[in-house]
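Work through the exercises below with the sequence and the model at hand. Each task is followed by its solution.

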Amino acid sequence: MELAYIPSPSRGVIHLGPIPLRGYAFCIIIGVFVAVWLGNKRWIARGGRVGTVADIAVWAVPFGLLGGRLYHVITDYELYFSEGRDWVDAFKIWEGGLGIWGAIALGAVGAWIGCRRRGIPLPAWADALAPGIALAQAIGRWGNWFNQELYGKPTDLPWALHITSSTDGRVPGYYHPTFLYESLWCVGVALLVIWADRRFTLGHGRAFALYVAAYCTGRGWIEYMRIDDAHHILGVRLNVWTAIVVFVLAVTYFVLSAKKRPGREEVVEPGADAADGEAEEAEKADGAEKADGAEKTAEADSGETEADSREVSDEAGSAKKS
């Protein structure tokens with residue numbers, strides 16, 4: 001008898017009338033909101049304007065979703081284009097299947113477009129977003145729990161994941177919850193980036209590079225535990241090779257950037273300080289105008305009171321004469 005395990009949800013979708021509410025989609029949406037919220041706070045702390053992060057995310061998020069889906073479909077094409085499969089399923093993103101490598105790569109293209117439109121350096125924006133992206137991944141991984149997918153090898157550990165579905169080749173049983181391992185790892189990556197950014201004043205894209213390198217480190221060993229079908233190169237899973245290559249690129253960028261551009265950007269959003277100054281001056285002017293109005297009102301009230309006093313005095317004098 002199993003004493004403890006992580007249960008899988010009986011279903012990953014709830015129908016509200018004709019509208020399906022999918023746990024996977026909710027996890028992705030919540031993750032995006034968290035990333036934008038935290039990124040906005042960090043961007044403002046660096047001297048940027050309120051709302052800039054969200055404006056650029058409008059470009060980055062759709063590109064990221066498209067890139068994540070393309071990477072998944074290309075690397076697992078047999079799930080959609082082999083005999084007996086329906087290629088239309090390649091468009092059903094709500095059923096799961098996003099590759100973080102493609103999401104980051106194409107999402108960066110969207111962010112670059114948004115940054116150019118605002119005259120903002122992409123590395124500075126990426127630094128502000130880095131820990132938020134890691135937290136978004138941590139939340140998004142729970143979408144795999146709703147879909148009962150991406151689990152590891154069989155185990156009898158007390159935190160084993162209980163798989164109950166038998167569709168798509170699944171074998172019900174108890175497995176390593178690799179979705180949970182990666183989720184916790186991503187939370188740790190976010191905390192690491194926040195700490196290192198404050199401790200070493202990272203700039204010019206180095207906070208983002210640290211996030212990428214740290215994530216790849218965890219993804220490498222977690223990928224080894226997974227038992228879902230995957231392409232192999234020299235006996236190693238494709239995503240492990242991808243993690244190694246991306247890790248090397250991130251570390252190389254971090255080192256070269258530190259030598260070429262030490263420190264952090266002094267200005268991350270041109271005109272932000274001027275706009276803040278204008279807003280502050282407008283606020284002061286508004287306050288001064290209100291103060292003048294209050295003073296004039298007080299003077300008017302004082303005049304009315306003085307006039308009333310004189311009128312009462314005159315009336316009293318007339319009464320005495322009578």
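**Exercise 1.** In which crossing, left-handed or right-handed, does α7 pass α8?

Solution. The model is predicted, so local features need pLDDT of at least 70 and side-chain atom pairs count only at pLDDT 80 or more, while totals for chains, interfaces and linings use all residues. Residues are numbered from 1 along each chain as its sequence is written, and side-chain values use heavy atoms, with hydrogens and water left out.

Step 1: α7 passes α8 in a right-handed crossing, a term for the near helix being turned clockwise from the far one by less than a right angle.

Step 2: the contact (heavy atoms within 4.5 Å) includes W185 and V189 of α7 and Y211 and W221 of α8.

Step 3: the residues of this contact divide into 15 nonpolar, 3 polar and 3 charged. Ala, Val, Leu, Ile, Met, Phe, Trp, Tyr, Cys and Pro count as nonpolar, Asp, Glu, Lys and Arg as charged, and the others, Gly among them, as polar.

**Exercise 2.** State the angle at which α7 and α8 pack.

Solution. Helix α7 covers residues 178-200 and helix α8 residues 206-225; they pack at about 160 degrees, with their axes 9 Å apart. This makes α7 roughly antiparallel to α8, the class for angles over 145 degrees.

**Exercise 3.** How many disulfides does a search of the whole structure find?

Solution. The search finds 0 disulfides, meaning pairs of cysteine sulfur atoms within 2.5 Å. C115 is buried at 1% relative accessibility, and C216 is buried with a relative accessible area of 4%. Buried means under 20% relative accessible area (1.4 Å probe, protein chains only). Of the 322 residues of the protein chain, 39% count as buried.

Technical notes
Axes are lines fitted to C-alpha atoms, for helices over the stretch in contact, and angles run from 0 to 180 degrees between N-to-C directions. Helices (H or I, at least four residues) and strands (E, at least two) are DSSP runs, numbered from the N terminus. Angles under 35 degrees count as roughly parallel, over 145 as roughly antiparallel, 65 to 115 as roughly perpendicular and the rest as oblique. Buried means under 20% relative accessible area, exposed over 50%, partly exposed in between (1.4 Å probe, protein chains only).
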